[in-house]
Amino acid sequence: FSSLGCSPDHAVLALGDSITLGDCPPAGAPYPSRLESLSHRPVFNRGICGEKSDATLARTTRELSRVAPTAVCLLIGANDTREDLAPEEIGAHIREIIRLAKERKARVLVATLLPSRPPLGADPVEVAWTNLAIRKVVFEESAELVDLNAAFGDGEGLLQDDGLHPNEAGTQLIAEKFDNQLREEHP
């Protein structure tokens with residue numbers, strides 16, 4: 001951490017699926033690596049390809065214990081939405097992840113889902129409903145919203161050909177949005 005000019009006291013835990021991991025398919029450096037460069041904080045990438053929100057919830061306590069972060073960046077729900085899991089269920093999993101992180105006194109930054117399109121992306125209506133559920137939970141739990149859906153717009157020029165994963169420009173945008181939120185005063 002000394003090469004980053006910070007201590008582990010400012011660690012960030014990035015939880016999520018392939019969009020967080022950045023390897024399936026790759027789009028250059030994943031957003032947690034880019035966030036580390038932007039924020040000058042250690043960022044621990046704990047994304048898993050294909051993961052759904054229930055699996056992220058199941059491993060959250062273990063990851064929080066390993067990293068002891070001051071902030072958690074959560075971007076999850078794309079795989080749930082692709083498999084038609086109800087937005088309320090996704091929201092319930094995210095709510096519990098937020099609560100677990102807050103018990104550890106970590107800031108919790110929760111992202112909305114990226115826009116998506118065929119061939120791999122979920123139905124845009126389902127994405128919209130899931131994003132409403134995410135916004136509601138973030139508000140009710142006093143977490144911090146990172147509205148990636150708004151930042152991406154229709155996704156043109158920011159998504160890979162699969163319609164689900166961000167390209168390099170999209171991955172950079174995700175890192176910048178999380179970094180901007182981390183730089184804001186925490187209430």
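Where is the place of isoleucine 94? Isoleucine 94 sits in helix α5.

This note goes through the model point by point. The structure is a predicted model, in which local features need pLDDT of at least 70, side-chain atom pairs count only at pLDDT 80 or more, and totals for chains, interfaces and linings use all residues. Residues are numbered from 1 along each chain as its sequence is written, and side-chain values use heavy atoms, with hydrogens and water left out.

1. **Isoleucine 94.** Helices here are DSSP runs of H or I with at least four residues, strands are runs of E with at least two, and both are numbered from the N terminus. Isoleucine 94 has a relative accessible area of 1% and is buried. Buried means under 20% relative accessible area, exposed means over 50%, and partly exposed is in between (1.4 Å probe, protein chains only). Contact means heavy atoms within 4.5 Å. With neighbours within four places in sequence left aside, isoleucine 94 is in contact with Leu74, Ile76, Val110, Ile134 and Val137.

2. **The largest core.** A nonpolar core is a set of buried Ala, Val, Leu, Ile, Met, Phe, Trp, Tyr and Cys residues joined through side-chain atoms within 4.5 Å. The largest one has 24 residues, and Tyr31, Leu35, Ile174 and Phe178 have the most contacts inside it. Two or more residues each come from β1 (12-16), α2 (31-39), β3 (71-75), β4 (107-111), α7 (148-152) and α8 (168-183). Helix α8 gives the largest share, 5 residues. In general, nonpolar side chains tend to be buried together in soluble globular proteins.

3. Apart from neighbours within four places in sequence, phenylalanine 178 is in contact with Tyr31, Leu35, Cys73, Leu74, Leu109, Ala111 and Val146. As for Cys73, its relative accessible area is 0%, so cysteine 73 is buried.

4. **Helices α3 and α5.** Two packed helices are described by the angle between their axes and the distance between the axes. Axes are lines fitted to C-alpha atoms, for helices over the stretch in contact, and angles run from 0 to 180 degrees between N-to-C directions. The axes of α3 (residues 53-67) and α5 (residues 87-103) come within 9 Å and cross at roughly 5°. The two helices are therefore roughly parallel to each other; angles under 35 degrees count as roughly parallel, over 145 as roughly antiparallel, 65 to 115 as roughly perpendicular and the rest as oblique.

5. **Residues between these helices.** On the α3 side the contact is made by Ser53, Asp54, Thr56, Leu57, Thr60, Thr61 and Leu64, which meet Ile90, His93, Glu96, Ile97, Leu100 and Ala101 of α5. Sorted by class, this contact has 6 nonpolar, 5 polar and 2 charged residues. Nonpolar covers Ala, Val, Leu, Ile, Met, Phe, Trp, Tyr, Cys and Pro, charged covers Asp, Glu, Lys and Arg, and polar covers the others, Gly among them.

6. **Two buried arginines.** Arginine 59 lies in helix α3 and is buried, at 5% relative accessible area. Beyond neighbours within four places in sequence, arginine 59 is in contact with Leu15, Gly16, Arg46, Gly47, Ile48 and Glu51. Arginine 95 lies in helix α5 and is buried, at 18%. Not counting residues up to four places away in sequence, arginine 95 touches Val137, Glu140 and Glu141.

7. **The disulfide.** A disulfide is counted where a pair of cysteine sulfur atoms lies within 2.5 Å, and the count comes to 1. Cysteine 24 and cysteine 49 form it, with sulfur atoms 1.3 Å apart. The link is left-handed, with -85° about the S-S bond. Cysteine 24 is in the loop between α1 (18-21) and α2, and cysteine 49 is in the loop between β2 (43-47) and α3, 25 residues apart. Cysteine 24 is partly exposed at 23% relative accessibility, and cysteine 49 is partly exposed at 36%.

8. **Backbone details in loops.** The peptide bond from proline 118 to proline 119 is cis, with omega near 10°. Proline 119 lies in the loop between β4 and α6 (124-140). Aspartate 84, in the loop between α4 (78-82) and α5, has a positive phi near 65° and is not a glycine. Lysine 105, in the loop between α5 and β4, has a positive phi of about 65°.
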